Amino acid sequence: MRHFASHDLTKKQQYKFLSGAIIPRPIAWITTQNQDGLVNAAPFSFFSGASNELPLATLAILRKNGVLKDSARNILEQQELVIHFVNETVVADMNQTAANLAPEESEVVVNKLATISSQTVAVPGLTAAPIRMEAVLHQYLPIKDGERVLTDLFVVRITDFYFDESLFDAEREYILPESFAPIARLAGNHYANISDFFELERPQ
């Protein structure tokens with residue numbers, strides 16, 4: 001096997017190795033809102049579930065040159081967000097919101113994304129997403145190298161779940177993966193469809 005010691009790697013190499021190996025990753029397409037009511041939308045793929053005792057998810061937002069991203073700042077200040085999940089119907093719109101905009105510009109406005117009011121949080125949701133979850137900040141951990149913050153890690157508590165009827169089995173309360181057909185993040189500009197499913201019984 002090819003071996004690399006992490007202390008010999010550049011930041012670019014570290015990112016390439018992590019993002020290329022930890023795949024496929026779900027995409028958290030989030031909306032946040034600043035104190036003036038401006039709504040931001042942005043995708044992040046360092047994202048996962050954390051607990052079902054409380055419905056918790058984790059979201060890591062990497063800083064760029066040490067600067068807090070707009071979405072991270074909004075979560076810290078307003079302590080609210082809406083998480084949207086991505087399939088083929090919204091993947092192009094999601095990608096457009098990854099563009100770098102000035103803090104006073106809204107990705108929702110620039111890309112003409114339709115929104116809907118939330119039940120529990122002030123941040124609106126995006127109507128086109130097949131699944132969305134309203135969330136509040138549960139815990140915040142700045143990931144540091146010495147005194148320098150590298151990444152803002154959020155643990156968020158889901159307050160409300162929304163599922164498109166087409167992908168939800170109401171009788172069994174299951175999300176139907178073949179109907180959801182999520183898009184997963186790979187590395188670089190690459191994404192993947194999840195189309196082949198199989199089952200393995202977990203040992204007792």
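Predicted model: local features only at pLDDT ≥ 70, side-chain atom pairs only at ≥ 80, totals over all residues.
Two or more lining residues are contributed by each of three elements, namely β8 (131-145), α5 (177-180) and β12 (183-185).

The largest pocket holds about 1600 Å³ of space. A total of 46 residues line the largest pocket, with Tyr15, Leu62, Arg63, Lys64 and Lys69 the closest to its centre. The helices and strands that supply two or more residues to this lining are α1 (11-21), β2 (39-44), β4 (56-62), α2 (70-78), α3 (91-96) and β9 (148-163). By residue type, 21 of the lining residues of the largest pocket are nonpolar, 12 are polar and 13 are charged.

Attention now turns to the protein interior. In soluble globular proteins, nonpolar side chains tend to be buried together. In this model, the largest nonpolar core comprises 23 residues, and Ile30, Leu59, Ile75, Leu81 and Ile83 have the most contacts inside it. Elements giving two or more residues to this core are β1 (28-33), β2, β4, α2, β5 (80-85), β8 and β9. Of these, β8 provides the largest share, with 4 residues. The surroundings of Leu81 illustrate the packing: when residues up to four places away in sequence are not counted, Leu81 touches Ile30, Thr31, Thr32, Leu59, Ile75, Val121, Val123, Met133, Glu134, Ala135 and Val156. Another core, of 11 residues, lies apart from the largest one and includes Val86, Leu113, Leu126 and Ile183.

The overall fold was also examined. The secondary structure of the protein consists of 5 helices and 13 strands. The radius of gyration is 18 Å, close to the 17 Å given by the globule rule for 204 residues, and the protein is therefore as compact as a globular protein of that length. The C-alpha trace spans about 55 × 50 × 35 Å along its principal axes. Of the 204 residues in the protein, 37% are buried. Among contacts with a separation of 6 or more, 60% are formed by residues 24 or more positions apart.

Note on methods. Residues numbered from 1 in each chain as written. Heavy atoms only, no water. 1 Å grid on protein atoms, 1.4 Å probe; cavity = no way out; pocket = protein on both sides within 12 Å on 5 of 7 lines; lining within 4 Å. Points joined across faces, edges and corners; volume = space filled by probe spheres on them. Nonpolar A, V, L, I, M, F, W, Y, C, P; charged D, E, K, R; others polar. Core = buried A, V, L, I, M, F, W, Y, C linked by side-chain atoms within 4.5 Å. Buried < 20%, exposed > 50% of the residue type's maximum accessible area, 1.4 Å probe, protein only. Contact = heavy atoms within 4.5 Å. Rg over C-alpha atoms; globule rule 2.2 N^0.38 Å.
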